[in-house]
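Please take a slow walk through the structure below, keeping the sequence beside the three-dimensional view as you read.

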Amino acid sequence: MRYHEEYTPLYYIHSGVPQGSILGPFLHSLYTADLPVHGQTLTATYADDTAILASHHEPAVASDLLQHHLSQTEQWMKRWCI
């Protein structure tokens, strides 16, 4: 496959669920059921989108809360090879 002047090899996907399948949303919910939660942040998911929200009167504290939750989520993703 070529993009501009760069070439990349094609790789076949050996697992997954076909897009638009009836089981897709159910399997995604099942797969992400143990997504990390944090007491001072809100995790909102819809389909395959995820948002992590934090609110605090001190922006630096809100940023720290988000970073802590993102670090937990990163570890979860590495464990499940996402």
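The largest pocket holds about 250 Å³ of space, where a pocket is an open set of points, on a 1 Å grid over the protein atoms alone, that has protein on both sides within 12 Å along at least five of seven lines. Grid points are joined across faces, edges and corners, and the volume is the space filled by probe spheres set on those points. This is a predicted model, in which local features need pLDDT of at least 70 and side-chain atom pairs count only at pLDDT 80 or more, while totals for chains, interfaces and linings use all residues. Residues are numbered from 1 along each chain as its sequence is written, and side-chain values use heavy atoms, with hydrogens and water left out.

Which residues lie nearest the centre of the largest pocket? Of the 14 residues that line this pocket, H28, T32, T50, W76 and M77 lie nearest its centre, and a lining residue is one with an atom within 4 Å of a point. At least two residues of this lining come from each of α1 (24-31), β4 (49-53) and α2 (59-79); helices here are DSSP runs of H or I with at least four residues, strands are runs of E with at least two, and both are numbered from the N terminus. By class, the lining has seven nonpolar, five polar and two charged residues, with Ala, Val, Leu, Ile, Met, Phe, Trp, Tyr, Cys and Pro counted as nonpolar, Asp, Glu, Lys and Arg as charged, and the others, Gly among them, as polar.

The second largest pocket has a volume of about 160 Å³, and its lining is made by G24, P25, H28, S29, A47 and D48. In this lining there are two nonpolar, three polar and one charged residues.

A47 leads on to the strands, for in the hairpin of β3 and β4, which has two residues between the strands, A47 takes a positive phi near 55°.

How many aromatic pairs does a search of the whole structure find? The search finds one, where rings of Phe, Tyr and Trp (its six-membered ring) pair if their centres lie within 6.5 Å, and planes under 30 degrees apart count as stacked, over 60 as edge-to-face and the rest as tilted. The ring centres of Y31 and W80 are 6.3 Å apart and their planes stand at 65°, so the pair is edge-to-face. Because Y31 lies in helix α1 and W80 in the segment after α2, the pair ties together parts that are 49 residues apart in sequence. Y31 counts as partly exposed at 42% relative accessibility, and W80 counts as partly exposed at 39%, given that buried means under 20% relative accessible area, exposed over 50% and partly exposed in between (1.4 Å probe, protein chains only).

The segment after α2 also contains C81, which has a positive phi of about 55° although it is not a glycine. C81 is exposed, with a relative accessible area of 73%.

Conventions
On a 1 Å grid over the protein atoms alone, a cavity is a set of points where a 1.4 Å probe fits but cannot get out, and a pocket is an open set with protein on both sides within 12 Å along at least five of seven lines; lining residues have an atom within 4 Å of a point. Two strands pair if DSSP finds at least two bridges between them.
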